[in-house]
Amino acid sequence: MKKKTAALFLALALVVGATIGGTIAWLTDTSDEVVNTFTTSDVDITLTETDADKDKDANKNSYQMVPGCTIEKDPKVKVTADSEDCYVFVKVTETGGNVTVGTTEYSFDNFIDYTMAEGWTQLKNGEQEVEGVYYREVTDTNGKKNIDIPVIGYKKGDETVENEVLVKPTVTKEMMEAINEDSSKQPKLTFTAYAIQLKKDNDNTFDPYEAWQEINPSDD
């Protein structure tokens, strides 16, 4: 009996010794890394115009009005290459021209004739037009060159002549003199450009007016 017990202890000691002194060969494997890199995106625009009066400030140009003659005026919105698909908006503000000659009152529209260049759409809130705000979709800049978009022109018959405005032939000397009496009455056109990404998620795009509200939440 003592020999059997001693033999059992010896067998257990050998098993324990084999476990401690050896290495158990478990089956293992490791996958390759899957790296997800999230790159940046952007919408990038500029609004530029030729320095018409050569004063080294293209943001403020002065033009001499001659009745019946056109004036070269070329504001352009540039959407830079690799911008995301976007809405581009232009807000046009007319000021000046509000003078009175005799009993007749005049406004900006009595001096300058212009229209938006081809491709711009009047922004509406339902059926109501948003005064002076126009938009368009730009969807083909990704991986391509910059896109230059003319802003205004004037109607010559059925044709739109881009990058020019027309001084109305009905402008009189008396109207000009009324403006000269107060330089704040000079007709002025001011342009501001905006852009916002076209998509708000994978399945939906912004409605144009909704997009405009994201840019100008207080603007009606």
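Colleague: Where does the largest share of the lining of the largest pocket come from?

Modeller: The largest share, 4 residues, comes from β15. Strands such as this one are DSSP runs (E, at least two residues), helices are runs of H or I with at least four, and both are numbered from the N terminus. This is a predicted model, in which local features need pLDDT of at least 70 and side-chain atom pairs count only at pLDDT 80 or more, while totals for chains, interfaces and linings use all residues. Residues are numbered from 1 along each chain as its sequence is written, and side-chain values use heavy atoms, with hydrogens and water left out.

Colleague: How many residues line the largest pocket, and which lie nearest its centre?

Modeller: The lining of the largest pocket consists of 26 residues, and N61, S62, Y63, P187 and K188 are those nearest its centre. β1 (45-48), α2 (173-180) and β15 each contribute at least two residues to that lining. A pocket here is an open set of points on a 1 Å grid over the protein atoms alone, where a 1.4 Å probe fits, with protein on both sides within 12 Å along at least five of seven lines, and a lining residue has an atom within 4 Å of a point.

Colleague: How many aromatic pairs does a search of the whole structure find?

Modeller: The search of the whole structure gives 6 aromatic pairs.

Colleague: Why is the pair of Y87 and Y135 called edge-to-face?

Modeller: Their ring centres are 6.0 Å apart and their planes stand at 75 degrees, so the pair is edge-to-face. Rings of Phe, Tyr and Trp (its six-membered ring) pair if their centres lie within 6.5 Å, with planes under 30 degrees apart counted as stacked, over 60 as edge-to-face and the rest as tilted. What the pair links are distant parts of the chain, since Y87 belongs to strand β4 (residues 86-95) and Y135 to strand β10 (residues 128-138), 48 residues apart. Y87 and Y135 are both buried.

Colleague: What makes the pair of Y194 and W212 edge-to-face?

Modeller: The centres of these two rings are 5.1 Å apart and the planes are at 90 degrees, so this pair is edge-to-face. Distant parts of the chain are again linked, with Y194 in strand β15 (residues 188-197) and W212 in helix α3 (residues 208-215), 18 residues apart. Y194 and W212 also belong to one aromatic cluster together with Y87, F89 and Y135.

Colleague: How do you know whether W212 is buried or exposed?

Modeller: The relative accessible area of W212 is 0%, and therefore W212 is buried. The limits are under 20% for buried and over 50% for exposed, with partly exposed in between (1.4 Å probe, protein chains only). Across the chain, buried residues make up 31% of the 220 residues.

Colleague: Why do you count G126 as exposed?

Modeller: G126 has 59% relative accessibility, so G126 counts as exposed. G126 has its place in the loop between β9 (121-125) and β10. Its C-alpha atom is separated by 8.6 Å from that of Y209, although G126 and Y209 are 83 residues apart along the chain.

Colleague: What makes K54 exposed, and where does K54 lie?

Modeller: K54 reaches 67% relative accessibility, and so counts as exposed. The loop between β1 and β2 (70-72) holds K54, which has a positive phi of about 55 degrees although it is not a glycine.

Colleague: What is the phi of N163?

Modeller: N163, also not a glycine, has a positive phi of about 65 degrees, and N163 lies in the loop between β13 (159-162) and β14 (164-167).
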